Amino acid sequence: MFQNGKSQLELIRKMSFNRLGGSLDELRAAELLRTAADRTAAEAGFDGRAHLEGFLMPWYDVQTVKVCVTAPFRREIEARAVGFSGCLPEGGITAPLHYAEQGAPISLRGAKGKILLLNEMVYDNWQAILDSGALAYLVAVGEYDDEDERTDLSENYLRPHQLRRGKLPGIHIRARDAIALLQDGAEELHLELIQTAYERVSHNVVTEIPGTDHADEIVGFTAHYDSVPFSRGSWDNATGCADLIGLYTYFLAHRPRRTLRFIWCGSEERGLLGSIAYTKAHEAELARFRLVINLDMTGPALGFDRSIVTADPALVSQIEYLAREMGRYVHVTQDIHSSDSTPFADRGVPTASFARAGRAAGHSRRDLYMPLGERAIARQQEFMRAFAERLIQAEEFPVPREIPQNMKDGIARYFRRKGM
């Protein structure tokens with residue numbers, strides 16, 4: 001099973017539906033993965049069973065969102081809320097427009113009592129935006145030539161590091177509408193925004209293969225199974241989920257010396273929430289983890305393989321050497337990966353992520369099954385299996401269990417911690 005990519009493609013096809021974190025469809029995907037893992041175990045004669053670990057996650061529902069130009073002309077503009085950004089008074093506000101570009105302090109002069117227009121959400125200037133005295137903000141998203149019938153207006157939300165500093169009601173508009181506001185000389189806008197914040201339950205799907213003679217050491221495998229709004233998430237990340245089933249299948253047939261923990265993470269797209277929840281819930285046993293191998297966005301037929309290592313640079317060299325030995329090209333970097341590997345690295349566990357850059361469309365309604373390739377999946381699976389097996393079956397685990405200081409600094413910057 002899973003030797004030629006066909007079975008993985010079939011699982012990807014089954015998972016190709018919207019799986020927004022915390023939704024009933026995400027739970028449906030979790031049950032699909034649990035069933036696939038249990039079926040695989042049963043076929044191998046293994047009595048272990050996968051289970052779901054629930055965790056609370058923030059959620060919001062938008063009741064009202066509206067943007068309308070009121071002077072010197074009238075025009076209604078397509079709009080979506082910035083999640084968790086708060087509400088405007090009942091009936092909305094009408095105020096002058098202030099174009100603040102990147103939200104730099106000098107561009108915010110005179111913004112008090114006005115509605116900001118930002119080129120994009122610039123996280124580094126969030127405090128300056130809050131201090132400007134603006135009443136609300138619009139943020140331009142997408143490209144100027146986006147077509148309505150092929151694209152969706154993005155929906156984003158305030159991150160924890162922003163919420164720690166404060167809220168400001170925010171609304172997304174398309175880039176072409178933002179350009180038109182400036183070109184046509186819009187001076188005054190009317191905004192309405194009402195939303196409700198609360199919590200929902202998301203889940204991690206977990207199963208394990210006990211090690212034979214180094215069972216106290218754990219190698220983790222992670223892949224997120226949720227998707228962004230509007231997306232079926234075939235590439236991002238039904239592919240990584242299918243890869244995990246493939247690796248689980250292989251190591252059931254080739255029993256590992258070390259314990260293997262397989263974790264399909266929920267709500268990654270909402271800020272790595274599943275892996276953060278897992279590391280918190282399992283903090284006491286993280287010292288047993290020697291490495292986490294993360295799979296996120298593999299499988300395009302047209303593309304190239306990548307690995308992102310948050311660990312000692314010797315692991316970068318090891319992956320490069322193995323690639324040459326197997327006659328493969330793998331682009332390997334020591335870096336921070338915006339995926340479920342990072343919360344583990346933040347807790348001191350070395351990580352290696354595998355992906356495949358290519359002609360596929362992530363984070364959109366065009367993230368479909370079509371660009372994925374059976375041969376690309378099989379080749380990358382073969383490489384990841386060879387890499388993992390060498391470490392898992394080693395007499396002594398060769399990867400230092402430490403995170404270099406440059407990677408610690410990168411993680412702090414990624415999570416935008418104080419002083420970074």
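**Helix packing and some backbone exceptions**

I'll start with two helices. The axes of helix α1, residues 6–15, and helix α2, residues 24–43, come within 10 Å and cross at roughly 155 degrees. Keep in mind that this is a predicted model. Angles over 145 degrees count as roughly antiparallel, and α1 and α2 are therefore roughly antiparallel to each other. Their crossing is right-handed.

Which residues of α1 and α2 make the contact? From α1 they are Leu11, Lys14 and Met15, and from α2 they are Ala29, Leu32 and Leu33. By type, the residues of this contact divide into five nonpolar, no polar and one charged.

Now α2 by itself. How does the distance between its end C-alpha atoms sit with its 20 residues? At 1.5 Å a residue, α2 should span 28 Å, and the end C-alpha atoms are 29 Å apart, so the two agree. The buried residues of α2 are Glu26, Ala29, Ala30, Leu33, Ala36, Ala37, Asp38, Thr40 and Ala41. Ala29 and Leu33 of that list also belong to the contact with α1. What covers the buried residues of α2 includes α1, strand β1 at 51–71, strand β8 at 188–209, helix α6 at 234–253 and strand β10 at 258–265. After α2 comes glycine 45, with a positive phi near 75 degrees.

Helix α6 has 20 residues and reaches 27 Å from its first C-alpha to its last, close to the 28 Å expected at 1.5 Å a residue. It is mostly covered, with 19 of its 20 residues buried.

Helix α6 also brings me to the backbone. Most residues other than glycine have a negative phi, and most peptide bonds are trans. Here are some exceptions in this model.

Two peptide bonds first. Aspartate 236 and asparagine 237 are joined by a cis peptide bond, with omega about 10 degrees. Asparagine 237 has its place in helix α6. Alanine 71 and proline 72 are also joined by a cis peptide bond, and there omega is about 0 degrees. Proline 72 lies in the loop between β1 and β2, the latter being residues 75–77.

Then positive phi. Glutamate 101 is not a glycine, yet its phi is positive, near 50 degrees. Glutamate 101 is found in strand β4, residues 93–101.

Arginine 416 is not a glycine either, and has a positive phi of about 50 degrees. Arginine 416 sits in the segment after α11, which covers 405–414. At 32% relative accessibility, arginine 416 counts as partly exposed.

Last, aspartate 335. Where is aspartate 335 found? It is in the loop between β13, residues 330–334, and α9, residues 341–346. With a relative accessibility of 39%, aspartate 335 counts as partly exposed. Leaving out residues up to four places away in sequence, aspartate 335 touches Ile308, Val309, Thr310 and Met407. Aspartate 335 and glutamate 283 are 52 residues apart in sequence, and their C-alpha atoms are 24 Å apart in space.

That is the end of my list.

Notes: Residues numbered from 1 in each chain as written. Predicted model: local features only at pLDDT ≥ 70, side-chain atom pairs only at ≥ 80, totals over all residues. Heavy atoms only, no water. Axes fitted to C-alpha atoms, helices over the stretch in contact; angles between N-to-C directions. Helix = DSSP H or I, 4+ residues; strand = E, 2+ residues; numbered from the N terminus. Parallel < 35°, antiparallel > 145°, perpendicular 65-115°, else oblique. Left-handed = near helix turned anticlockwise from the far one by under 90°. Contact = heavy atoms within 4.5 Å. Nonpolar A, V, L, I, M, F, W, Y, C, P; charged D, E, K, R; others polar. Expected span 1.5 Å × (residues − 1). Buried < 20%, exposed > 50% of the residue type's maximum accessible area, 1.4 Å probe, protein only.
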